[in-house]
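These entries record what I looked up about the ligand and its surroundings. I began with the shell of residues and then turned to the pocket.

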Amino acid sequence: MEIFLHKVNGCPAEMKVEICRCGPEQAEDFYALQNEVRAAMPCPEQFVPDELEQIRSYLSRDLGLGVWQGERLGAYFILRYCGMEPDNYARFMGLPPDQWPQWANADSAVVHPDWRGNGLQRILLQTALRQLRPGIVGIGATVSPENLYSLNNALAEGFEVVCRRPMYGGFDRFLLRKLL
Ligand SMILES: CC(C)(COP(=O)(O)OP(=O)(O)OC[C@H]1O[C@@H](n2cnc3c(N)ncnc32)[C@H](O)[C@@H]1OP(=O)(O)O)[C@@H](O)C(=O)NCCC(=O)NCCS
């Protein structure tokens with residue numbers, strides 16, 4: 001799907017980019033963008049990074065969307081179908097295990113600083129929701145309470161806060177859900 005970015009590097013622009021579903025062959029591009037973006041974050045603990053092999057696995061079996069200008073990846077979103085795995089956010093919501101497979105994790109959203117301000121996190125979530133596997137009834141997410149850009153985008157997309165709790169080995173997070 002082609003869209004236009006109206007702001008690039010903080011300046012008005014009209015730049016055509018393409019949102020594509022990505023596969024494991026794009027894992028290294030995702031990993032490189034993740035690391036570049038995280039290295040520039042003033043508070044990197046707001047974003048728990050994935051290993052390259054994790055990203056490769058997600059792009060093989062889950063849903064990964066990338067925003068490309070030609071060969072350049074400038075933003076991505078990963079949604080995971082965790083099923084009965086213990087990292088399914090449905091588990092942290094207290095839902096019984098038989099319901100976990102009906103929930104997907106909004107795992108990670110990354111936008112390069114040059115491309116921020118185009119609503120790409122929200123656009124990518126909306127695009128992913130249109131491509132969801134049948135049978136999914138809700139999306140879980142976690143956001144650092146200090147990560148106001150991501151939190152406000154999630155709330156604007158209809159997520160609600162379920163609770164605040166330590167996640168990923170002790171990081172302070174809001175657990176959010178969006179019922180579909
Ligand atoms: C969270 C994130 C994906 C949002 O990117 P985005 O969709 O481009 O953000 P928006 O379009 O909603 O931006 C709205 C405004 O906030 C600004 N903004 C967004 N993220 C910002 C950030 N991390 N730092 C400073 N300003 C930011 C934008 O420039 C824009 O400003 P404007 O209204 O003056 O143009 C992006 O900040 C990011 O990649 N952060 C690092 C990774 C992360 O925290 N991911 C979420 C958890 S998985």
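I first asked which element gives the most to the shell around the ligand, and found that β5 does, with 4 residues. I note that the model is predicted.

I then looked up the composition of the shell. By class, I recorded 8 nonpolar, 8 polar and 2 charged residues around the ligand. Of the 18 residues there, I listed Lys-7, Ala-109, Val-111, Gly-119 and Asn-147 as those that come nearest.

I found a polar side-chain atom of Asn-147 at 2.8 Å from a ligand oxygen atom. For Asn-118, I noted a backbone N or O atom 3.4 Å from an oxygen atom of the ligand. A polar backbone atom of Leu-120 is likewise listed at 3.4 Å from a ligand oxygen. I then checked the cover: the ligand on its own has 890 Å² of accessible area, and the protein covers 71% of it.

Where does the ligand sit? I located it in the largest pocket.

For the largest pocket, I recorded about 1200 Å³ of space. It is lined by 50 residues, of which Phe-47, Ala-109, Gln-121, Asn-147 and Ser-150 are the closest to its centre. Among the elements that give two or more residues to this lining I noted α1 (27-39), α2 (52-61), β4 (72-80) and β6 (138-143). β5 gives the most to the lining, with 7 residues.

How values were computed:
Residues are numbered from 1 along each chain as its sequence is written. This is a predicted model: local features need pLDDT of at least 70, side-chain atom pairs count only at pLDDT 80 or more; totals for chains, interfaces and linings use all residues. Side-chain values use heavy atoms; hydrogens and water are left out. A residue is near a molecule or strand if one of its heavy atoms lies within 4 Å of it. A polar contact is a pair of N or O atoms within 3.5 Å; within protein, one must be able to donate a hydrogen and the other to accept it, and residues adjacent in sequence count only if both atoms are side-chain atoms. Accessible areas come from the Shrake-Rupley method with a 1.4 Å probe; for residues, only the protein chains shown count as cover. On a 1 Å grid over the protein atoms alone, a cavity is a set of points where a 1.4 Å probe fits but cannot get out, and a pocket is an open set with protein on both sides within 12 Å along at least five of seven lines; lining residues have an atom within 4 Å of a point. A molecule sits in a cavity or pocket if more than half of its atoms lie within 2 Å of its grid points. Ala, Val, Leu, Ile, Met, Phe, Trp, Tyr, Cys and Pro count as nonpolar, Asp, Glu, Lys and Arg as charged, and the others, Gly among them, as polar. Grid points are joined across faces, edges and corners, and a volume is the space filled by probe spheres set on the points.
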